[in-house]
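Hello,

Here is the structure we talked about. Please have a look, then read the notes below.

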Amino acid sequence: MMASLLLGLTLLWPLLLMLRNPLWLVMEHGALQRPGPRPMLLDAWWVTAPVPALLLTLWPGEVQLQMQGWLLGAQWQLDDTRRPWLLFSAMLWALAGLYARGYLVTEQQAAESGDGDAFRRLLGFAMLWPLTLVGNLLLILAEDIPSFYLGFALMTFAAYGLVVHAGNRDAHLGGRAYLIMAVLGEGMILGGLLWAAGTVQVLTLTELRAGLATAEQGAWMATLLWLGFGVKAGVIGLHVWLPLAHPVAPTPASAVLSGVMIKAGLIGWLNTLPLGADGLETLGAVVIVLGLAAALGAAGYGVSQRHPKAVLAYSSVSQMGMITALVGAGMAAPVLWPALLVAVTLFAVHHGLTKGALFLGVGISEHPPRLPAWLLWVLLALPALSLAGVMTSGLATKWAFKELLYEGGYATLVAWLSVAAVGTTLLMFRALWRQWQERGVYSIPIASSMPLAWLACVVAAVSVPLWIPLAGEHPNWPPLDEWPGLLWPASLGLVLAGLVALVTLRANRSWQFAKRLMPGDLWWGYLRLVRQALAWLHGLGLALEQRGSRWRSRLLEWESRATALASGLTRFERTFRRLAVPLMVGVAVLLLMGFWLG
Amino acid sequence: MSQAWLPLATLATSLLVVPVIFSLPEGAWRVRTALNLGAALLKVLLVAMMVWGLYQGQSYQFSFTIVRGVNFLFQVDALGLMFAGLSSLLWLATTVYAIGYLEDSPNRKRFFGFFSLCVASTVGIALAGNLFTFLLFYELLTLSTYPLVVHRGHAKALDAGTTYLRYTLTGGLVLLFGVVALHVMVGDVTFGEREMLADLGPDAHGLLTVLFLIMLLGLGVKAALVPLHGWLPRAMVAPAPVSALLHAVAVVKAGAFGIVRLVYDVYGIGLTYQLGLLTLLAVIATVTILYGSVRALAQQELKPRLAFSTISQVSYIVLGISLFGPFGTVAGLVHLMHQGLMKVTLFYCAGNYAEELGIHRIDELNGAGRRMPLTSIAFTVGALGMIGLPPVAGFISKWYLGMGAVQANMQWAIVVLVASSLLNAAYFLPVLYRLWFLRGPSHGVGEWPDERHLGRLETSGWLIWPAMATALFSLMAGLLAGVPFSPLDLATFVTAEEYTP
């Protein structure tokens, strides 16, 4: 009972925090127009939004909450598969929230001192942040399909406000790409869910997976769902919004976007696809190929980017590509899946926190705290190295799936993933390089919320295998004789990066062609295609409209002709009047004749 | 024959108000307002009583014979009550809104008189127990709405009114023909006696199909099925409360409700299915949904965009009906209510923008969320609901439509749903974007077309509260769909009645 209440509170608490500010505005009507001090929006309470969720993950055993009246019957639960997801999401949300207090401090000060514009922008941030969090938590905890979809949609649409927070041109462009792709994804998800849930006649995700495994056209439904969630997970071809939207958001928002929210797509796959059942082998092969393509392609394109956050966004696409390939392996070889799920979960959590730490680190390198430079840059490089698989959680993660794939006979896939790891190393190098070039001057004390949140995130990211609750499984450290096999991609990557850097420095010129590679890659191509299609449609619409108006005018013409005819009838009136006398006479004559003859 | 007075009293609440309003002087603002609100409240109460009674298993009936073989019949069934409930609830909201909207404008007496008459006709349509009574109120609705459409009296309004009459009267005539023909075949057609036509046997099927098509043609005019929808976008010149009522419950809904009656209570879903007419309905609905959405996309003004959106959304109801099986029926019926709630909200908001800031075009809405936050929140809720996003009511409709499509083995309907959702997103999200994320006059960029300060809040309270209330209802209808007496619960109740022999 207590636990169910806590589960309810997990979702209710951020909502209450969100509603606090508008309530204040309503109570003090006209406060916005008045000059003078404003309340602090991102206060200590605001940061506590994910705390109940953190407490919930500590609750032992399963927790359930059922509500008949909610949508079509809510069923929320926390079980062993959901626990790691909830834990790491809540953690990153909490740390990023803390970080945001420091990151937005100038806006906060402007707002408090009476700058109405800053106040409103911050108000939007302060409200949409917990709302996005609620959506994220709900989609993790929901077991019934409508709640899950609600969580997903809520998160997606509320996060739009976070993306465009800056309000400049780039932010709006990123926001547009984000929204358009998200809506397309929502459409596919809706179609897939309706089709699947309608066919197997269920309302819960567990039953949906079970039903899809045996449904007649299950593979097609799975494909649709895979594509729909793939938009969020950054599947290649659908990933175009990622490098446009992630860099423009405020840094804490980028951290949760790239760390947690991108995982919502993965959670969607795990929740809806019949993984571990037969029947998805073909899709699995395609998924592996697409995943690897994303892992390699994004790495290749990402190194040409200048903005460190864009490089990191491409790295997210690349990492998600690797995870996608692992999910694909699970589809292609169902026997591997239960073990692979553990590896995928570990990978996702590792990537989530590490990428979070990296994004938060971008803000740190712009506003460095008072630390010795070597220590600062070691700490900044730590998650990068971990992501490249050289050490700590990255190494453990790599070993976790490598071991499995070797046993399952997927040596080729492992080789390709290693190549992708070379790419990751290059990306990390590039990101740090750009951060170094754009580093700021010393400004903030170490004991403020921004550096503390970042440090905590780095610590959490590198120690993932130590605390992650993986349902009894424990991630192993690789035996020493495996280390060369695990470390060569990163070493190769470092050597390559060093060479390129050396050449660039020596030649002392920038790469001209790289400047033309705008973030968003395929997006610009899509845009051109859509423009052409729209122009064509517009022409079609005009033609139809013309035909319609021609029809209408013809109908009107008929009508006016009919009215003319009707009014013409008055002419007959006169004729009738004239005929009246002869007619009467005629009738009389006829009658007389009748009498006479009769 | 127990408690025959209840349906009659429900009708009387709005019908009897009419002569009183007309006899009051134009300036008697307080009395008229009190009278309108009192009657609307009373009606909500009466309908609630009937809903309660129906759940307890009571039946309400009232009839008398007009000429031999032709009866006037009021009969309360779940379906009718659903419509009556929607109508009474939205009448209350719209009355409040109209009082605020028409403040200081001429001819308020005429407006409220015909307004009440219009609502009385919808109640009559809802409670009508046979085809004859239905037709009676259906035509009354046509006529009583005309003065409302042309209320402003300028050339454009008169023109729209003429178009409206041209369409609806022709439709009514066609419908009359079908009803009379049916009358000749089987006598008085009481709703719910479905075996009447089914018993005619296969010989009559050809004729029945033709009659169905004729009546569909008649009803389709009001339901704004493509290509009979031409009057609706033009009727947009009417004042906002009229448009709200027109789109949410009165005229368009009356047509849709007529089609529901025709399929379920005159022909019976089984017979309609046998005759293969459901597929036809599905095709018509699909065309209308997509066409309406595409046209909405091309509109530059707010109200016409909403009007084309109505054309598309009302056809969801028809689509739901055409999906053979309980889920499809639930979808159609529940959307009858949901669409009403959401669309009325959107029209209130459009009216608010026009009244307070003089905004008619979509590109004038930039940054209006800052100037009018409450209205904009209500609009956002309505728009998200139209797109079909949870937790707003539209999602529940869409969910059941999808379930129904699979159940009826018409999986392609899901494609239509998704396409329509995307189109809805394409024409609603830009509006929301302008409202909340673009800088406008309230940020010091440009000026509102015609700003007035109508009230202490962002605009007059009479205008805000109805919008907030219906937005809240739309939200609740989705969020708490599983609660007893929610629209979904009522629709399920009706469906259980339809499918149990």
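**Chain A: annotation and overall form**

The UniProt record, an unreviewed entry, gives "domain: NADH:quinone oxidoreductase/Mrp antiporter transmembrane" for residues 142-364 of chain A. Keep in mind that this is a predicted model.

Chain A as a whole holds 23 helices and 2 strands. Its radius of gyration is 32 Å, while the globule rule gives 25 Å for 598 residues, so chain A is more spread out than a compact globule. Along the principal axes, the C-alpha atoms of chain A fill a box of roughly 140 × 65 × 65 Å. Buried residues make up 52% of the 598 in chain A. Take the contacts in chain A between residues at least 6 apart in sequence: 82% of them join residues at least 24 apart.

**Helix α16 of chain A**

This helix covers residues 373-388 of chain A. It has 16 residues and reaches 22 Å from first C-alpha to last, close to the 22 Å expected at 1.5 Å a residue. Where is the kink in α16(A)? It lies at A:Ala381, shortly before the proline A:Pro383, and is about 25°. A:Pro383 is itself buried. Other buried residues of α16(A) include A:Leu376, A:Leu380, A:Leu382 and A:Leu385. Their cover includes α15 (337-366), α17 (392-407), α18 (411-437), α19 (449-462) and α21 (483-507) of chain A. Just after the helix, A:Gly389 takes a positive phi of about 90°.

**Where the chains meet**

In the contact between the chains, 25 residues of chain B touch 22 residues of chain A. On the chain B side, α19 and α20 (412-437) each supply at least two residues. The largest share, 8 residues, comes from α20(B). By type, the chain B side divides into 19 nonpolar, 5 polar and 1 charged.

**Chain B: annotation and helix α22**

For residues 70-112 of chain B, UniProt (unreviewed entry) lists "domain: NADH-Ubiquinone oxidoreductase (complex I) chain 5 N-terminal". That stretch of chain B is 67% helix and 14% strand. Its end C-alpha atoms are 32 Å apart.

Helix α22 of chain B runs over residues 487-499. Its 13 residues should span 18 Å at 1.5 Å a residue, and the end C-alpha atoms are 18 Å apart, which agrees. Among the buried residues of α22(B) are B:Pro487, B:Leu490, B:Phe493 and B:Glu498. The elements covering the buried residues of α22(B) include α4 (78-101), α12 (251-267), α13 (269-274), α16 (326-357), α19 (393-407) and α21 (461-479) of chain B.

B:Ala282 sits in helix α14 (residues 277-298) of chain B. Is B:Ala282 buried or exposed? It is buried, because 24 other C-beta atoms lie within 10 Å and the cut-off is 20 or more. Leaving aside neighbours within four places in sequence, B:Ala282 contacts B:Leu319, B:Ser322, B:Met410 and B:Ala413. B:Val318 is 36 residues away along the chain, with 7.2 Å between its C-alpha atom and that of B:Ala282.

B:Thr380 is in helix α18 (residues 373-387) of chain B. It counts as buried, with 20 C-beta neighbours inside 10 Å. From B:Thr380 to B:Val431 is 51 residues in sequence and 9.0 Å in space, C-alpha to C-alpha.

Best wishes

Terms used. Residues are numbered from 1 along each chain as its sequence is written. Chains are lettered from A and ligands numbered from 1 in the order in which they are written. This is a predicted model: local features need pLDDT of at least 70, side-chain atom pairs count only at pLDDT 80 or more; totals for chains, interfaces and linings use all residues. Helices (H or I, at least four residues) and strands (E, at least two) are DSSP runs, numbered from the N terminus. A residue is buried if 20 or more other C-beta atoms lie within 10 Å of its own, exposed if 12 or fewer, and partly exposed in between; C-beta atoms are placed from the backbone. Two residues are in contact if their C-beta atoms, placed from the backbone, lie within 7 Å. UniProt positions are given in the numbering used here, feature names are shortened, and annotations may be inferred rather than shown by experiment. The expected span of a helix is 1.5 Å times one less than its number of residues. Ala, Val, Leu, Ile, Met, Phe, Trp, Tyr, Cys and Pro count as nonpolar, Asp, Glu, Lys and Arg as charged, and the others, Gly among them, as polar. The bend at a residue is the angle between axes fitted to the seven residues ending there and the seven starting there. The radius of gyration is taken over C-alpha atoms; the globule rule is 2.2 Å times the number of residues to the power 0.38.
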